[in-house]
Amino acid sequence: MPAPAPRSPWADAMDTLALFAVDPHGLGGVLLRARAGPVRDRWLQGLREALPASAPVRRIPLQIGDGRLLGGLDLAATLNAGRPVAERGLLAEVDGGIALVAMAERIGTGIAAKIAAALDHAEIRIEREGFSTLLPTRFGVVALDESAHEDESVPAALVERLAFLVDLGDLPLREAIEPAPDRDAVEAARATLPSVLLDDEMLEALCGTALALGIDSPRATIAAIRAARASAALAGRDRVLEADASLAARLVFAPRATRIPADPQAEPEPPAEEPPPPPPPPDDRPDESPPDEQTPAEDQPLDDRVLEAVKAAIPAGLLALLQAGLQPKQARSAGGRSGAMQRGQRRGRPAGSRPGDPRSGQRLAVVDTLRAAAPWQPLRKREREASAGAGMARTGRRIDVRRDDFRVQRYRERAQTTTIFAVDASGSQALNRLAEAKGAVELLLADCYVRRDQVALIAFRGPGAEVVLPPTRSLTRAKRSLAGLPGGGGTPLASGIDASRLMADSVRRKGDSAVLVMITDGRGNLARDGRPDRERAQADALLAAAELRLCGVQALLIDTGPRPQPAAEKIAAAMGACYLALPYADSAALSGAVRQVVASETATGGRSRQGRGT
Amino acid sequence: MAAVFPFSAIVGQDEMKLALLIASVDPSVGGVLIFGDRGTGKSTAVRALAALLPTMRAVVGCPYGCDPAKVAGLCGACDGSAVKPAAASKARAKSVAGGKGTPEPKSHAVPVPVVDLPLGATEDRVVGALDLERALAHGQKAFEPGLLARANRGFLYIDEANLLEDHLVDLLLDVAASGENVVEREGLSIRHPARFVLVGSGNPEEGELRPQLLDRFGLSVEVKTPTDLPTRIEVVRRRDTFERDPAAFIAAWQKEDAKLRRRLTAARAHLAEVEVPDRVLEQAAGLCMALGTDGLRGELTLMRSARALAAFEGDASVDDRHLKRVAAPALRHRLRRNPLEDAGSASRIERAIAERFGA
């Protein structure tokens with residue numbers, strides 16, 4: 001039985017690796033949160049060595065097109081053969097192996113959903129470019145999450161299907177000591193796996209634990225069951241014991257917990273009655289904070305013991321966050337880490353094709369072009385033969401494509417707009433202002449519902465700014481976060497502007513356009529570092545505003561002070577924002593004003609942003 | 001094809017199961033939308049439904065799965081006309097070779113199609129397009145029917161409906177409304193029947209469905225993760241048992257599924273005889289008025305689904321009980337609403353029902 005107290009993240013990562021290697025498809029995969037570097041490489045190398053030598057490991061790049069991902073028409077082969085030839089997609093090629101999703105925090109929900117569907121059904125249904133096939137594929141996913149900011153995270157639909165979430169964080173290489181499991185052990189475990197039994201008692205314990213930790217989706221529980229089986233198989237047993245269940249629960253449930261079970265009765269350790277599972281862990285792990293009390297656990301029901309094992313492994317930060325009642329529901333059903341970034345797949349999505357000249361910089365729609373050319377081939381061939389009768393016959397051309405056949409890809413032109421609300425939630429701003437801002441966000445959201453745009457909400461108060469609502473189109477989520485927005489405290493205006501700039505920037509990087517709506521009275525009294533210093537605060541705010549201006553974000557500053565404030569106007573000028581004094585603005589007036597700015601942004605800003613890179 | 005989890009083994013989620021069954025009894029109810037938490041068995045239920053449905057008779061070789069009693073006469077298999085899609089002509093060739101060139105179309109029992117519209121499907125495969133192979137190899141212009149043709153008389157299932165490309169959504173809207181797929185592309189000009197029950201599923205956290213598409217669904221159900229331990233244990237246990245030995249699990253539930261299938265068949269036969277008393281129609285209209293639903297579609301769906309439910313339950317006529325059970329799924333997505341108030345729509349319906357039918 002591995003020590004239930006906090007262990008080195010690497011030891012956990014190795015346990016995870018071993019379990020995953022035993023049943024990659026059953027367990028779905030691993031979300032590996034780490035920066036690119038030697039520690040991550042060591043983990044991946046370990047995985048490669050643990051898997052059968054024949055298992056393919058393929059990387060799915062960020063920009064992969066549907067054609068490569070799912071399969072479609074192989075153009076070269078088609079032209080060569082003179083008949084349609086299908087190309088296998090990456091998801092079919094990794095059958096029996098591992099799909100590495102690089103920079104998983106930036107893949108779109110569309111790609112995530114396609115990978116998820118392939119995982120779910122163990123097959124890929126292809127209805128593309130004239131092909132209609134069903135290819136079986138069983139693979140595991142390793143999603144490499146390099147997200148640096150809160151506003152980036154891997155699409156929830158994918159996270160939901162991965163059994164393990166491993167956070168290597170800033171683990172230094174020297175702490176990555178435990179060796180990866182050995183290929184033969186994994187091979188043996190794979191052979192035993194189908195015969196491993198799991199008692200009802202274990203199953204119930206795992207279900208109970210999931211419920212107690214507020215993990216809603218049955219997928220997590222099923223993953224834990226499979227992990228427990230894999231653990232037993234690794235130990236060469238044909239029955240799941242408590243040690244296996246505890247290990248599985250700890251690895252699968254702990255990162256997904258959305259609440260801490262009610263009884264804060266110390267932190268008892270589950271009994272260590274079983275030998276550790278084979279990824280032979282060095283016996284002494286540095287126990288950073290061994291729990292002092294050790295209650296005799298034998299008399300506890302099984303699920304409590306499993307639960308305790310998990311509780312011990314829940315990261316401290318999460319615990320504090322949950323106990324403070326922060327982000328109470330956001331993490332829920334986001335399947336793992338909270339606040340999954342939602343975004344549509346709208347930018348540059350093909351919207352059919354039309355006749356046109358590809359030389360004008362538009363993308364050639366190859367298949368459509370061929371399709372247009374196809375019916376004419378016999379005719380053209382005859383024509384060609386007739387005209388070439390005297391001269392040189394143009395041989396070797398299997399397909400005669402002419403200018404009229406060219407089709408170019410049509411893309412959806414309208415970029416998505418994200419409206420960022422930065423709301424001053426400080427004491428000076430009185431709570432009713434906040435209510436109006438919330439009202440305005442709701443009204444705009446109703447608007448976005450029709451136009452399929454996004455909104456985001458940043459609140460600044462107290463020591464700093466906080467992203468209350470990452471860009472979303474989801475009414476459900478927006479309502480949830482709005483309802484829980486508190487007010488009061490000082491005015492960290494500079495931090496608010498900074499946070500807005502960062503978010504606008506991240507929206508931009510995704511190719512959408514951002515509109516900032518700042519609702520404040522402009523009287524900052526907290527400096528960037530959070531110290532109460534009115535002078536510094538104003539200076540910092542102006543500086544932040546100037547930086548924002550450099551980014552060229554379309555902005556609107558709504559002054560909600562009882563009388564128009566020169567300070568607010570100055571900041572608006574520094575931001576290059578429209579200034580609007582609305583001392584008694586109600587939510588309808590606010591949203592009306594915003595609508596105008598958004599309209600002008602989509603008319604002009606959408607185009608001008610193209611020149612700026614990231 | 002992977003083994004399919006039996007429909008009758010799905011734990012809970014009664015509203016979802018009922019909605020799917022109602023749509024199978026009376027396809028004119030017009031589609032089912034399933035929205036809700038992840039991992040609640042949305043896809044499982046739809047796939048299970050495919051295995052549950054009684055077979056139907058279809059013309060042999062007809063790519064549109066025409067009913068032998070009512071052929072659309074689009075392909076050679078149905079009427080022997082000149083325009084014939086590839087599959088049909090092949091099948092015809094086969095039947096001729098078999099020595100049976102009967103004037104009446106040959107028919108056989110086929111499973112009701114439940115067609116998956118996968119994300120990433122291209123437009124040409126959805127509506128059908130020029131048969132590339134025949135065009136390239138033989139220079140022939142032939143139509144290759146797409147998913148809409150395959151779904152004719154059955155179900156078209158879109159998982160993650162909210163992630164579907166907009167241009168595909170537009171296409172579907174058009175076809176779902178008219179029951180006919182009109183193909184005008186690449187020099188082809190073809191129209192064929194495409195009557196199907198649209199089933200969509202998704203997670204509201206990933207974005208809303210376009211209002212126009214929402215409206216196309218007759219019934220809308222919300223699924224939630226069960227929160228009580230025994231149910232959750234049962235869900236996981238059955239899933240686990242199924243995965244350990246699919247064949248044995250399916251065999252164990254075969255009887256239940258067969259029972260359900262018989263009930264479905266009986267309900268379909270019985271549907272036309274179910275009476276809808278004027279009083280019930282009044283109640284339905286009153287309910288819709290009280291809730292302020294747009295248009296008449298709500299009342300129509302309410303009436304049809306109540307009738308289908310009555311048929312399924314083997315009742316001779318529709319009464320308030322049936323109305324009450326289908327009111328929420330039939331009307332939930334039709335309330336003229338501030339889109340932000342959707343959380344309240346269920347309770348609004350409940351209130352209206354309580355007022356209407358008296359507590």
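**Entry 1. Ground rules.** I am working on a predicted model, in which local features need pLDDT of at least 70, side-chain atom pairs count only at pLDDT 80 or more, and totals for chains, interfaces and linings use all residues. Residues are numbered from 1 along each chain as its sequence is written, chains are lettered from A and ligands numbered from 1 in the order in which they are written, and side-chain values use heavy atoms, with hydrogens and water left out.

**Entry 2. Chain A, totals.** I looked up the secondary structure of chain A and found 22 helices and 17 strands. Helices (H or I, at least four residues) and strands (E, at least two) are DSSP runs, numbered from the N terminus. Of the 614 residues in chain A, 56% are buried. Buried means under 20% relative accessible area, exposed over 50%, and partly exposed in between, with a 1.4 Å probe and protein chains only.

**Entry 3. Helix H12 of chain A.** I compared the length of H12(A), residues 242–253, with expectation. I then asked how many of its residues are buried. The count is 12 of 12, so I noted H12(A) as mostly covered. Among the buried residues are Glu242(A), Asp244(A) and Arg250(A).

**Entry 4. The end of H7 in chain A.** His121(A) lies in helix H7, residues 109–121 of chain A. His121(A) is buried because its relative accessibility is 18%. Leaving aside residues up to four places away in sequence, His121(A) touches Ser43(B) and Arg47(B). I moved on to Ala122(A), in the loop between H7 and strand E6 (123–128) of chain A. Its phi is positive, about 55°, although Ala122(A) is not a glycine. Ala122(A) is also buried, at a relative accessible area of 17%.

**Entry 5. Sheet in chain A.** I traced an open sheet of 5 strands in chain A, in the order E2-E5-E8-E1-E9, with parallel pairing. Strands pair if DSSP finds at least two bridges between them. Strand E2 (57–60) and strand E9 (164–169) of chain A are the edge strands, each pairing on one side only. From one strand to the next the twist averages 20°. Inside the sheet, E5(A) (residues 98–101) and E8(A) (residues 140–145) run parallel and are joined by 4 bridges. Opposite Val101(A) I found Ala143(A) in E8(A).

**Entry 6. Sheet in chain B.** In chain B, 5 strands form an open sheet with parallel pairing, ordered E4-E7-E10-E1-E11. Strand E4 (114–116) and strand E11 (219–223) of chain B each have a single partner strand, so one side of each is left without a neighbour in the sheet. E4(B) pairs with E7(B), residues 155–158, in the parallel sense over 3 bridges. Val114(B) stands opposite Phe155(B) in E7(B). In the loop between E7 and helix H8 (166–178) of chain B I looked up Glu160(B). Its phi is positive too, near 55°. Glu160(B) counts as buried at 10% relative accessibility.

**Entry 7. Aromatic rings.** Which residues do ring pairs link into a cluster? They are Phe5(B), Phe242(B), Phe249(B) and Trp253(B). Rings of Phe, Tyr and Trp (its six-membered ring) pair if their centres lie within 6.5 Å; planes under 30 degrees apart count as stacked, over 60 as edge-to-face and the rest as tilted. Over all chains the count comes to 4 aromatic pairs. Phe242(B) and Phe249(B) have ring centres 5.7 Å apart and planes at 70°, so I logged the pair as edge-to-face. Phe249(B) and Trp253(B) form a tilted pair, 6.2 Å centre to centre with 45° between the planes. Both of these residues lie in helix H11 (residues 246–271) of chain B, 4 residues apart, about one turn of the helix. Phe242(B) is buried at 5% relative accessibility, Phe249(B) at 7% and Trp253(B) at 17%.

How values were computed: Contact means heavy atoms within 4.5 Å. Axes are lines fitted to C-alpha atoms, for helices over the stretch in contact, and angles run from 0 to 180 degrees between N-to-C directions.
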